[in-house]
Amino acid sequence: MLIWLADLLREELGGPGFLRLVHYLTFRAVMAALTTFLVSLLIGRRVILFLHRKRIRDVVEDYGVIDVSNKRGTPTMGGLMMILAILGGYLLWLTPDSPFAWAAVSALLWFGGVGMLDDWGKLKGGSGKHGLSQLSKLGLQGAYGAAFGVWLISAASPLPEDLRSQLMLPFVKGPVLDLGWLAVPWVVMVFLSVSNSMNFADGMDGLAVVPASISFMVYAIFAYVLGNEVLSGYLQFTYVPGMGELAVLSGAVIGAGLGFLWYNFFPAQVFMGDTGSMALGGLLSAVMLMLRQEVLFLIVGGVFVLEGASVLIQEKIGIGILGRRIFYRAPIHHAFEHRGVAETKVVIRFWIIALILGFLGLLSLKVR
Amino acid sequence: MKRVVFTGGGTGGHVYPALAVAQALLADGSWKGLYIGTRGRAEERILRGLQESGQLDLPFQSAPAVGFPGLRSPRLPLFIAKLILGVAQASLHLLRFRPQVVVATGGYAAAPTVFAAALLRKLRLLRCGILIHEQNASAGLMNRMAGRVADLVALTFPESAGHLPGCRTHTVGYPVRAGLEQLPDRVEACRELGLDPARPVLFVFGGSQGARAINRALYHILPQLLRKGIQVLHGTGMSAGTAWDATAEHAEQLGRLFREVPDWAELAPLYHARPYFDRIQLAYGAADLVCCRAGAGAIFELLAMGRPALLIPKMGLPGDHQTANARSAERAGAAELLLEEPLVEGHGIEAGVRPERLLEALLALLEDKERREGLSRGARSGFHADARERLGRLASVLAIGTLPTLDGAGQVPAGATLERLGTEQLLQRLPRLTDPHDVRYVEYRCLAALCSPSWLERNAGIKLAGRLGLQDALPLLVRLAEDKGRPGLLPRLMGERHRQNGFIRRNLCTALAELPLTADSARVLGAALKDPYWEARVEAIRSLGVLKAEATEAVVRHMARFRLKGNFEEAQAVAWWWAACMPAASWREWILPLARHANCRVREAAIRALDLRVHGGELPLADLKGELDSFLLTSTHFRPRFPLKQAMRDLAGQKAEETC
């Protein structure tokens with residue numbers, strides 16, 4: 001919105017020249033981050049008190065870990081705070097006619113909504129078993145994924161034609177495979193796996209939000225490169241005009257994430273709940289799909305891959321087929337806790353791993 | 001002329017009560033009836049038979065129905081399609097016949113008609129009352145669903161009310177067939193059956209098909225019973241299927257008795273066996289004690305006649321309804337109950353009665369006249385044979401569009417709904433059970449679960465056995481532990497070698513710790529130390545410690561290996577095991593090497609083990625002093641204290657803090 005305002009002021013009314021700054025991606029990205037961070041801080045306490053007053057408080061799911069009792073009653077659905085901050089901050093700094101921007105916002109709202117339904121069910125039912133059923137959750141996520149996939153490969157897609165249904169691998173120059181219409185199920189799968197892994201990762205204070213912010217940071221750099229004619233030429237990426245918008249969005253998410261972390265790190269004053277984890281997961285999937293860098297997530301989001309895979313293996317193969325545990329506990333952070341590593345230590349180690357993996361991901365910018 | 005529709009069926013047990021009510025209603029000609037059931041099932045056969053012989057003028061119409069296959073079944077779409085089709089067809093029958101009242105007696109065949117009637121009523125196309133009769137103490141699935149749309153659910157046993165939440169219920173009893181209520185004179189009956197009225201008579205039967213488990217136990221104890229001068233009247237049953245041929249087995253057993261019992265020639269005249277009794281009232285009339293299965297109809301007839309009975313419900317039926325019926329009768333003081341248990345027969349396990357327990361129960365009753373009379377009194381006061389008329393009256397009242405005023409539903413006993421619960425749910429309910437009868441029932445279910453084909457059931461059964469400390473379960477637990485069967489293809493491809501999966505093997509080891517140590521359990525736990533699944537090994541180590549089992553050479557060898565090479569859970573468990581089973585003086589060898597173990601929880605367990613010995617006075621602290629500084633005390637684990645939460649706990653307690 002500010003971009004319009006600045007143009008209006010400068011062109012019609014002869015406003016000061018520094019208003020040109022809003023056209024610079026880096027400026028808008030940093031400003032978006034600062035705005036969302038400030039908004040988070042400002043609304044944080046109010047949201048927490050509101051959630052507490054409305055009795056929106058965590059009902060602990062027992063994974064058989066050492067102690068979860070002192071987490072009970074913490075206000076949850078704090079994802080609301082992030083969603084509000086992202087909306088508030090990002091709507092100020094986005095380019096209003098960019099399809100990338102609105103696609104991302106729609107993912108944020110849809111997945112946030114699904115998470116909210118899930119949280120609400122759990123609260124009403126009084127336990128983790130009463131949320132949305134696994135099937136309806138996957139159905140709602142998959143429905144959005146399918147629509148997104150169709151949009152991405154259709155004529156309405158903002159991507160250039162030679163990029164729409166191509167599969168890109170990190171460390172490989174150019175597309176490796178044209179998926180054709182199979183891109184739609186592929187997109188659905190990406191949405192499902194990323195948003196649910198994010199959900200599993202959200203099991204300790206600050207465990208999901210920091211690695212997610214790091215992933216967004218990496219993708220912000222990719223978006224900046226892809227949306228910049230010179231840089232994309234130099235690094236031999238296909239230049240996609242307007243893609244830089246996603247860097248602004250990522251900036252907004254990082255700001256909101258840090259603002260949320262302000263309240264969420266150990267001992268947490270608020271949990272993001274499924275509202276937050278689904279919203280982040282959906283948004284992240286949308287961003288990396290538009291960048292055509294979803295496979296890179298296996299590296300950049302290694303922490304989430306680990307969390308998702310551990311649950312899948314433990315639940316489906318271990319308990320479902322073999323009738324035994326394969327890991328001490330799943331999701332994997334609980335396995336470490338079970339071994340006697342304190343929560344704070346697990347969380348910060350996971351941050352370190354996420355950061356290292358983020359660096360590895362950045363390596364794929366040039367090493368191709 | 002008033003019109004009534006009867007429905008119900010799938011099996012004969014749901015048809016006969018409807019027919020009994022039909023007899024009562026249609027007798028005086030003021031009612032016109034129609035029966036809606038499923039084509040090709042018991043109800044069609046029975047109805048056609050009655051109509052051809054002219055006994056009952058009740059035309060038969062069909063509406064398709066199939067039993068509920070389960071929510072996850074692939075046949076679910078077929079079920080839904082059939083239900084919709086059935087409701088449509090039943091609606092047509094109902095609209096054509098325009099009944100004032102629908103009487104349903106349960107079974108899946110009743111579903112289309114009841115739901116069609118409810119639908120038409122809602123659409124104001126038909127005005128009719130809906131009356132349901134539930135035969136069993138543990139209500140069937142169909143009646144639990146249909147009960148919500150019915151005006152009234154009439155019950156045989158008051159306990160059913162607990163299974164039918166949200167339904168209007170009223171206990172009326174079981175509508176027995178007309179002419180069965182009259183009990184013939186004992187002397188008369190004995191003469192007709194060729195029995196001596198001066199001697200006690202025991203009547204044993206397992207329904208028209210016979211009950212294999214009861215028969216087997218009876219053949220075993222026949223000589224003992226007959227030697228006491230008791231005449232045994234035995235309905236062996238007419239089953240001749242491939243699974244079991246009652247007549248052949250009877251002949252074989254008689255041959256065995258003849259060969260093996262020296263005084264059989266003197267005893268044989270007291271034993272009267274027949275495949276089937278045409279007039280079962282005669283046998284009831286002659287008997288001093290009846291021993292039989294616990295189907296709702298059979299026991300209701302029996303009890304309404306005031307016969308003392310020993311009921312042996314069949315194990316593993318849907319909703320465990322026979323046991324529910326028998327427990328209801330027991331609760332009313334009208335019958336005694338002998339529960340089946342899984343018995344090892346050759347290679348398989350089969351539900352059955354242990355002969356010595358049957359003998360004990362029978363003799364206790366046969367030799368105690370007062371107890372039998374007490375049961376008779378209880379039966380006569382609690383069970384009345386007028387259910388037919390009462391149901392008829394209820395139907396008449398509903399037919400004129402009013403709801404009958406009824407006395408309150410009455411108190412449902414706390415244990416009345418246990419039969420409906422799964423084993424896992426029983427496990428959760430266990431701490432709240434106080435009645436010893438209920439606990440005995442849970443024990444029975446525990447044994448049954450241990451033989452279930454579903455691993456989830458077996459697993460829950462094992463946990464239950466441990467929680468109950470049920471010693472009778474020990475042979476079955478050992479059997480499970482030593483089962484060498486192979487698993488299904490999918491687990492086998494993934495490297496699992498045992499049919500009894502990891503959770504089962506682990507929980508077996510946990511449960512054994514709750515039972516007294518025997519040579520068997522020590523052997524099982526020792527073998528579990530070699531289990532491929534780590535949690536099973538850990539629980540085996542722990543249980544050996546809890547039971548203070550003798551540390552044999554093999555066990556010590558395994559433990560020493562776990563301590564050094566095992567995962568952290570094993571090393572931890574070994575420290576606890578050492579504290580319970582090894583001489584305190586061996587601490588240098590066993591505990592000291594754990595002082596710098598990589599895992600802080602193992603180091604903690606090691607120190608706790610030493611602490612136990614020191615405070616038990618077995619190890620002087622002074623001995624340790626020099627070595628204590630070798631413990632690595634930096635820890636990756638800590639437990640935060642929240643003074644705010646503590647303050648709330650101090651003020652209002654744990655529960656209140658959790659909700660704040």
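Analyst: Here is a walk through the sheet, a helix pair, the contact between the chains and some backbone details.

This is a predicted model, in which local features need pLDDT of at least 70, side-chain atom pairs count only at pLDDT 80 or more, and totals for chains, interfaces and linings use all residues. Residues are numbered from 1 along each chain as its sequence is written, while chains are lettered from A and ligands numbered from 1 in the order in which they are written.

Let us begin with the sheet. In chain B, 7 strands form an open sheet with parallel pairing, in the order S3-S2-S1-S4-S5-S6-S7. Strands here are DSSP runs of E with at least two residues, helices are runs of H or I with at least four, and both are numbered from the N terminus. Two strands pair if DSSP finds at least two bridges between them. Strand S3 (60-62) and strand S7 (169-171) of chain B are at the edges with a single partner strand each, so one side of each has no neighbour in the sheet. On average, neighbouring strands are turned by 25° against each other, direction ignored. Strand S2 (residues 31-37) of chain B pairs with S3(B) in the parallel sense over 3 bridges, and B:Tyr35 stands opposite B:Phe60 in S3(B).

Helix H1 (residues 12-26) of chain B packs on this sheet, where it touches strand S1 (2-7), S2, strand S4 (101-104) and strand S5 (129-134) of chain B. The direction of H1(B) makes about 165° with that of S2(B). Angles run from 0 to 180 degrees between N-to-C directions, and axes are lines fitted to C-alpha atoms, for helices over the stretch in contact. Residues are in contact if their C-beta atoms, placed from the backbone, lie within 7 Å.

Now for a helix pair. Helix H3 (residues 76-97) and helix H4 (residues 111-122) of chain B pack at an angle of about 65°, with axes 8 Å apart. Among the residues making the contact are B:Leu83, B:Val87 and B:Leu94 of H3(B) and B:Phe115, B:Ala116 and B:Leu119 of H4(B). By class, this contact has 12 nonpolar, 4 polar and no charged residues. Ala, Val, Leu, Ile, Met, Phe, Trp, Tyr, Cys and Pro count as nonpolar, Asp, Glu, Lys and Arg as charged, and the others, Gly among them, as polar.

Where the chains meet, 24 residues of chain B are in contact with 16 residues of chain A. On the chain B side, H21(B) gives the most, with 3 residues. The residues of that side divide into 13 nonpolar, 5 polar and 6 charged.

Finally, some backbone details in chain A. Most residues other than glycine have a negative phi, and most peptide bonds are trans. A cis peptide bond, with omega about -10°, joins A:Phe266 and A:Pro267, and A:Pro267 is found in the loop between helix H9 (245-264) and helix H10 (273-290) of chain A. The bond from A:Ala330 to A:Pro331 is also cis, with omega near -5°. A:Phe171, although not a glycine, has a positive phi of about 65°. With 12 C-beta neighbours inside 10 Å, A:Phe171 counts as exposed (12 or fewer other C-beta atoms within 10 Å, placed from the backbone, against 20 or more for buried and partly exposed in between).

Methods. Two residues are in contact if their C-beta atoms, placed from the backbone, lie within 7 Å.
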